[in-house]
Amino acid sequence: MLVAIPILLFSPLLLLTTLSEKTYNQFYWLARNIWAKTILFGMGCPPKIQWDQELIREKGYMLVANHSSMLDIMLMLYVSKNPFVFVGKQELAKIPVFGFFYRRACILVDRSDPKSRSAVYRRAKRRLEKGLSICIFPEGGIPEEHIVLDKFKDGAFRMAIIYNIPIVPMTFLDCKKRFPWKFFSGSPGKLRVKVHSFVETGILGTADSGTIKNEIRKLLLGTLLDDDQKKPYDTRKS
C-alpha cells in the first residue's frame, strides 16, 4: 500500500516528469521526497546515516551498496540528494504500477544478453554527461537469507573506471532485519547506513577493476560482521 498509493496519487506529475530525460531531476525529487520517505517513515523505519565523506552537489558518482531487501531502493534514494539512475534487472519492469515508472527511471539490463549489457555503458555515459550519478548493487540481486554478502560482479567498478567517477561504497546494516523476504517477519526500527570514504578512479585502468571490487567487498563485509546483529549469518567468502 505504501508503495502503490503515492504512485497512484501523484501519477499525473510522475507521468509528466518521465516523458523526457530533461525533467528527470524533477522526477527524482518526487521519488526521493514523496515516494521513498512515505514508505520508509510509514513503515516506521527512519534512516540514520553516518558519513565518512559527503557527496558534492552536481557531481557524478558510482553508488554501490549491499543488497538484502526491497527497502534498499528507497533507502538509496533517501541517502543521495544527488539525482542518480539505477542500473537494474529488466524483470522488475513487469511489476504492476511500479514497473511502469521503473522502465522510465532506470537503465534496464538483461544480464543474459551481451548486447543489452554493452548498451548499459552507452546509456550510462549519456546520463553522466547530464550530471547524474549511477547506482548499482554489485551482488546482482538479493542473495539467499543466510548469506551476509554475496560475490560482487565487475560491472559497477569497471564502469566507474571507464568514466572516471568516484565510487561511493555504502553499507546498509538493517534492511534485511527490517524487511526480509520471509512472510510474518521483520519489524520497525532504524535503518543504519554507513557511507564510507570514496574510492577515486582517475589513475586506475580497467585491469584494476577486480582489485577494487574485492577491496570494496571486503570493506562492506567487515562492516557487516562488526555489527553484532549480523554475525550469525554465512559470509560466503571468496
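The paragraphs below lead from the overall dimensions of the chain to its helix packing and then to a few individual residues.

The structure is a predicted model, in which local features need pLDDT of at least 70 and side-chain atom pairs count only at pLDDT 80 or more, while totals for chains, interfaces and linings use all residues. Residues are numbered from 1 along each chain as its sequence is written, and side-chain values use heavy atoms, with hydrogens and water left out.

The chain has nine helices and seven strands, where helices (H or I, at least four residues) and strands (E, at least two) are DSSP runs numbered from the N terminus. Its radius of gyration is 17 Å, close to the 18 Å that the globule rule gives for 238 residues, so the chain is as compact as a globular protein of that length; the radius is taken over C-alpha atoms, and the rule is 2.2 Å times the number of residues to the power 0.38. Along its principal axes the C-alpha trace spans about 45 × 45 × 35 Å. Of the 238 residues, 49% count as buried, a term that means under 20% relative accessible area, with exposed meaning over 50% and partly exposed in between (1.4 Å probe, protein chains only). Among contacts with a separation of 6 or more, 72% come from residues 24 or more positions apart, contact meaning heavy atoms within 4.5 Å.

Two packed helices are described by the angle between their axes and the distance between the axes. H6 passes H7 in a right-handed crossing; a crossing is right-handed if the near helix is turned clockwise from the far one by less than a right angle, and left-handed if anticlockwise. On the H6 side the contact is made by Val120, Tyr121 and Ala124, which meet Gly155, Arg158, Met159 and Ile162 in H7. By class, this contact of H6 with H7 has five nonpolar, one polar and one charged residues, with Ala, Val, Leu, Ile, Met, Phe, Trp, Tyr, Cys and Pro counted as nonpolar, Asp, Glu, Lys and Arg as charged, and the others, Gly among them, as polar.

H7 also packs with H9, where the axes come within 9 Å and cross at roughly 125°. That angle makes H7 oblique to H9, and the crossing of H7 and H9 is right-handed. Phe157, Arg158 and Ile161 of H7 meet Ser209, Ile212, Lys213 and Ile216 of H9, and by class this contact has four nonpolar, one polar and two charged residues.

The buried residues of H7 are Ala156, Phe157, Met159, Ala160 and Ile161, and what covers them includes strand S2 (62-65), H6, strand S5 (133-136), strand S6 (167-172) and H9. Within H9 (residues 209-226) lies Ile212, which counts as buried at 9% relative accessibility. Leaving aside neighbours within four places in sequence, Ile212 is in contact with Phe157, Ile167, Val199 and Leu204.

Burial also marks helix H4 (residues 71-79), which is mostly covered, nine of its nine residues being buried; among them are Asp72, Met74 and Tyr78. Back in H6, Arg127 counts as buried at 5% relative accessibility, and, not counting residues up to four places away in sequence, Arg127 touches Glu21, Tyr24, Val85, Arg104, Ile107, Leu132 and Ile134.

Asn164, in the loop between H7 and S6, has a phi near 55°, a positive value in a residue other than glycine, and with a relative accessible area of 47% Asn164 is partly exposed. Glu58, found in the loop between strand S1 (47-51) and S2, likewise has a positive phi, near 65°, and at 77% relative accessibility Glu58 counts as exposed.

Key
Axes fitted to C-alpha atoms, helices over the stretch in contact; angles between N-to-C directions. Parallel < 35°, antiparallel > 145°, perpendicular 65-115°, else oblique.
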